[in-house]
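Thanks, everyone, for making the time this morning. Please have a look at the model on the screen while I talk through a few of its local features.

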Amino acid sequence: MATWKKLSLLLSIVPILLLLAYGFKTNPREVPSPLVGRQAPPFAMAAFDGSSHTLEQHRGSPVVLNFWASWCFPACYEEAPHLEAAWQSYRDRGVVVIGVDIQDRDADAKVFIDRFKLSFPNGPDVQGKVSIDYGVYGVPETFFINRDGTIHYKHVGALDAKILKAKIEEML
């Protein structure tokens, strides 16, 4: 009888261990987002500069929606200059870049924005609703949203100039 219980316990633990091993081995950047190809969740955000932004008001324009935080080092620090450069390069072609600061203090976020001289709209996700709607589980994460509001691509981790250019050009 004791052998039967041990065997049952072992058989119930093995699937859990295999699932954990799979989870630890899987690169989160390679997990496909179920949102790609679907309509981007709507959002409204008050930016640090006092402006207001909704996804709906940018319908018809490609949108780069970046989730970041000032405590996200080094990834958010690495990508910030690339995001600003992309904004400067593509804004005249109708591309919109929006930064969503999550789980951060406003003062720290404003220091970050000043440090990198970010001129595109950035605002806090006060209630965390935007992050939840987009399924963000870490920073940085970036969504590339087509003119029709569908999510074209999701990037997990720091962006570089090459990725930004490639994904923006695909949306133009």
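This is a predicted model: local features need pLDDT of at least 70, side-chain atom pairs count only at pLDDT 80 or more; totals for chains, interfaces and linings use all residues.

Residues are numbered from 1 along each chain as its sequence is written, and side-chain values use heavy atoms, with hydrogens and water left out.

Let me begin with Asn 66, which lies in strand E3, residues 63–68; helices (H or I, at least four residues) and strands (E, at least two) are DSSP runs, numbered from the N terminus. Is Asn 66 buried or exposed? Asn 66 counts as buried because its relative accessibility is 1%, where buried means under 20% relative accessible area, exposed over 50%, and partly exposed in between, with a 1.4 Å probe and protein chains only. Its side chain joins that of Glu 79 in a polar contact of 2.9 Å, that is, a pair of N or O atoms within 3.5 Å, where within protein one must be able to donate a hydrogen and the other to accept it, and residues adjacent in sequence count only if both atoms are side-chain atoms. Leaving aside neighbours within four places in sequence, the residues in contact with Asn 66 include Leu 83, Ile 98 and Pro 140, contact meaning heavy atoms within 4.5 Å.

Within H3, residues 106–115, the buried positions are Ala 109, Phe 112 and Ile 113. Seen down the axis, these buried residues fall within an arc of 100°, so they line one face of H3; the arc is that of the directions from the helix axis to the C-beta atoms. The face turned away carries the exposed residues Ala 107, Val 111, Asp 114 and Arg 115.

Now the charged pairs. The structure holds six salt bridges, each a side-chain nitrogen of Lys or Arg within 4 Å of a carboxyl oxygen of Asp or Glu. One of them joins Glu 141 and Lys 154 at 3.3 Å, N to O, and this pair links distant parts of the chain, with Glu 141 in strand E6 and Lys 154 in strand E7, 13 residues apart. Both Glu 141 and Lys 154 are buried. Another joins Lys 129 and Asp 133, with the closest N and O atoms 2.6 Å apart; being four residues apart in helix H4, they are separated by about one helical turn.
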